Amino acid sequence: MNERYRNRIELLQGTLDLLILQTLLWGPQHGFGISRAIRANSGDLLQVDAGSLYPALHRLEKQKWIAADWKISENKQEVKVYRLTAAGRKQLMKERSRWEQISDAISGVLNPGKKESAS
Amino acid sequence: MKLWWHRSKREKELEKEIQHHLQMAAKEREERGAAAPEAAAGARREFGNVGLVKEVTRDTWGWRWLENLYEDLRYGVRVLRQNPGFTAAAILAIALGVGINVGIFSVLNGLALRLLPVPRAEQLLSVDQVFHGDINRNVHGEQSMFSYSEYLDYRDHNHVFTGLAATEPFLEATLGGPQLHPLMGALTSCNYFDVLNERAAQGRTFVDTDCAASGQNNVVVISDELWRGTFATDPSLVGKQIILDQTPFTVIGVMPAGFTGTEPVASAFWAPVTMQKTLDAGRDRLGDSNMSWLAVLGRVRPGVTLEQVRADLSVIAARIDESHPGRQTTLAIARAAFFGRPEEHSFLIPAASIVLAAFGLVLLIACSNVSSLLLARASARHKEIALRQAMGASRWRLVRQLLTESVLLSALGGTLGSLFAFWSFAGVLQLVMSKLPKSFPTLALNVAPDFRVLGFALALTLMTGIVFGLVPALRTSSLDLNLALKGDGTRAVLGKRNGRFLRNAFVATQVAVCMILLLAAGLLLRGLYHAQTVNPGFEMKGLATTYFNLRGLNYDESSAAAFVGRLRQRVAALPGVTEVAQAECGPLSSDRSGDRFFVAGRSEPVDIEYNHVSPEYFSAVGIPVMRGRGFGPNDWKDGSAIIVTESTARRLWPGQEPLGKTLRSRMTGGLLGPEYAVVGVARDAQVSHLGESDTMYLYFPGGSPGDSLRSYVLVRFSGSYSDLAAGLRGIAQSLDAEVPVDVKKMEDNLEIWRAPSRIATALSAALAGLALLLALIGVYGMVSYSVSRSVREIGIRMALGANTSEVMRQVLQQAMRPVVIGGLIGVAGSAAVSWVLSSMLFGLSAHDPVAFLFVPIFLLIVAVLASYVPARRATRVDPVVALRCE
């Protein structure tokens, strides 16, 4: 059981961080909101399970890329809301460009003919 | 505290965060039209294992392992407190096992690992010579020691020591005064105390001028113990004269309490090395450049490495070798400690390994006992373990938890045992030493714990905890959840066959180890009995011995010969005395002489022990001369006649007529000495080593005046020993009241031989007793456990008509299988290693059939008894109750 979760976290680690940072670019959000946003924006393709999401949030918080505030929700509940920090914004840019490089590189490998004809 | 508060706050926050997530998810489902309870359940299902999510999230916080450890410890303490009986038994077993091991290690540490008890001892190096090739060396002490000229060479030409000191340890001298008093002291170079960094408590230590001329400086430094004891803390002793070996010495200093020299045997006085000829009259070691007699210690210059020392000194060694063609010298350089000489190491290391192995075996039994206890308890804990696993604990996490518990157990037991060892072992050692005969010197051992002992205790404790905990932990954590939660714990935890196999393996180990220790004790005991009843090859009953050492008593060769001659004459006239003889070495005494001899037709010299004996020796001691003749009264003048023992003749000249054969002794410088011719062959006798009659041995004719300075007078008598002893003492007193008389029955000499083996026997019997007790508990525990586990099975069997004796037989049969297998392994193991004891068996075979028959039978009976008690419970099973209860 445990093994399964840990494997998944490893698999998603780099990309999940990117997705979370990107989601928070649109404004502060709580954990559940982040998971729903990722699901919605991916057209229901990406399901982030809680066992990956919360460790990632806490790790990003520790790295000071995101910060957390406690707010009171409409039904008088304390809610932990995450927001992007300045360092997080920088990190997001870095990770985005890295992701784009990787994605270009992978599609280059997958479609060698296309690249040649484009050039 | 702050950290803890911080953590519990984060813990609450995480809880809130997750609850919020679940609520939102449920709300989402409700909005889509699900009913409230279904929505909540769905949200939970989607979320997954809440406990696990929390755990992996907490993992990102860092310091996780510390928190885990704290939790495990807290949990472990709780579990241990819930089972006080189990906990106490386990802690006691471990305390016992670890305690005796830490104790024996602290003794070994005091013997050979501790640095010398002087300031900044880590700078002190001991230097020893190891000779190779053509060695022809006079030895007084150990061969690795130095001659005086060699010492001076190293002292004056090295570049690595701030000072290099030499000492002749174990010098016996007689302290004069109203009562003669034998002392153990040392001769030292005059920089000895400066090199050691030791100052006198009163007066001064030596200065260079004290060693300026040979035999001129009668000064002495004495120990605090001698000052307090013999001189009753005389405050004006410094400056006064005391008499050592009939020579006045001026006391120049008293050392502080606790300084006993640089050898394990405490020194009472120190005299300049240049006084050697005065304190050992008639022998000149100072002038003999080929004599090994000085131990050498140096204080290394700051910043100089061991390699540099080795390189620097080996230049000197090579230069000295030039004057000894065919000989190469290498140097053994080590941090100075007791028993540091190569010869001593070669004895101490095997002895220490045997002792440590024996003690380690007891710890092994204790460990496997605790292991099987843990294993048995594991089946009682299967539901708890299953629950923890279902809640998301990983197997590694469970193993860690279980290991924490076992290490906690071993830490408690180890601490208890170590504390007990620290507290008691000095006393135990005292007790053991007080059981040694008086002729054994007392050792100045420091068994107090130091960092080495503490490190050993810690390492042993941790290792113990892991060793006995690992197997049960791995077993326990690999259970089948379904089976465990359903309730049939036994099968779930251990997969029945496997579990029984492990428990049986533990019992077999215990029995095997116990068998080895019991057999060792049995063999030693038999050896001791053998030593009491052995026929030494000579007539021990009705023989009295007395030793005269006239050397320190104002005697010269001719007056000594006159004294002993008159004494022998008058003793021979005592009623009941049939023979009086004189010998250099008394039978089975601690005196022994030996040399290398050349035999015609052999290129290699042979080592042969010898004795100088008067003509009456053979009839007095009761050794018949089988061929040729005995000694005549004038044989000593010519000195060429020798008598060899039968086995010596057989080994030197197999199948030939030994009479008339010749030997040559080897003289200093490789020259051949005088030739000796065999005139007689005496029967083999164990006069040198008890239990060994086939050592190479020969007799020289005694009688020259020099022989009487130190000699044994042997008296064969019929009638009462006490009358004889009184008569002998009276005669000696009337001849010279100053001479101390020490009359002994021959049988008393056996005591010197038996004392070490008696101690070894007592020690191994105590160890074997502990091992037996632990193994007994192990067998008992195993049988009662398996009986309690198979109550239902037994019940069914009895319901089907089996009678009690059949059930009993079956239970016993099952219980005895691992016992017999373990026992056989133990017997085989003992047979393979029992030769290490042969030096203490006095000629008894190391595979003595009596010991190898009775010890296993004894152990088997004990094991049957240990199984019988719990097995009887099996026969009392009421089938109705048994079938209903599980």
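Cys190(B) and Cys211(B) form a disulfide, with their sulfur atoms 2.0 Å apart. The model is a predicted one, and this bond is the 1 disulfide that the structure holds over all chains. The torsion about the S-S bond is about 80 degrees, so the disulfide is right-handed. The pair links distant parts of the chain, 21 residues apart. Cys190(B) sits in the loop between strand E4 (181-188) and helix H7 (192-196) of chain B, and Cys211(B) in the loop between strand E5 (202-203) and strand E6 (219-222) of chain B. Both Cys190(B) and Cys211(B) are buried.

Cys367(B), by contrast, is in no disulfide; the nearest cysteine sulfur belongs to Cys514(B) and is 16 Å away. Cys367(B) is buried, at a relative accessible area of 7%. Cys585(B) also counts as buried, at 5% relative accessibility.

Turn next to the contact between the chains. Here 26 residues of chain A are in contact with 27 residues of chain B. Together the two chains bury about 2,400 Å² between them, and 54% of this is on carbon and sulfur atoms. On the chain A side, Phe32(A), Tyr54(A) and His58(A) lose the most area to chain B, together 24% of what that side buries.

Phe32(A) belongs to the buried part of H2(A), which also includes Arg36(A) and Arg39(A). Of the 11 residues of this helix (residues 31-41), 9 are buried, so helix H2 of chain A is largely enclosed by the rest of the structure. Just after H2(A), Gly43(A) takes a positive phi of about 65 degrees.

The interface of chain A and chain B also holds 5 salt bridges. Glu46(B) is partly exposed at 32% relative accessibility, and Arg29(B) is partly exposed at 26%.

Glu28(B) forms a salt bridge with Arg32(B), with the closest N and O atoms 3.6 Å apart. Glu28(B) counts as buried at 18% relative accessibility, whereas Arg32(B) is exposed at 61%. These residues belong to one network of salt bridges, which links Arg36(A), Arg39(A), Glu28(B), Arg29(B), Arg32(B) and Glu46(B).

Over all chains the structure holds 34 salt bridges. Another of them joins the side chains of Arg83(A) and Asp69(A), at 2.8 Å from N to O. That pair links distant parts of the chain, 14 residues apart: Arg83(A) is in strand E3 (residues 78-84) of chain A, and Asp69(A) in strand E2 (residues 66-72) of chain A. Arg83(A) is partly exposed at 34% relative accessibility, and Asp69(A) is partly exposed at 25%.

Two further places in chain B remain. Asn369(B), in helix H11 (residues 342-380), is buried with a relative accessible area of 6%. Beyond its neighbours up to four places away in sequence, Asn369(B) touches Gln510(B), Leu774(B), Ala775(B), Ile777(B) and Gly778(B). Leu865(B), in helix H26 (residues 849-875), is instead exposed at 54%.

Definitions and conventions: Residues are numbered from 1 along each chain as its sequence is written. Chains are lettered from A and ligands numbered from 1 in the order in which they are written. This is a predicted model: local features need pLDDT of at least 70, side-chain atom pairs count only at pLDDT 80 or more; totals for chains, interfaces and linings use all residues. Side-chain values use heavy atoms; hydrogens and water are left out. Helices (H or I, at least four residues) and strands (E, at least two) are DSSP runs, numbered from the N terminus. Buried means under 20% relative accessible area, exposed over 50%, partly exposed in between (1.4 Å probe, protein chains only). Contact means heavy atoms within 4.5 Å. A disulfide is a pair of cysteine sulfur atoms within 2.5 Å. Buried area is the accessible area (1.4 Å probe) that two parts lose on being put together, summed over both. A salt bridge is a side-chain nitrogen of Lys or Arg within 4 Å of a carboxyl oxygen of Asp or Glu.
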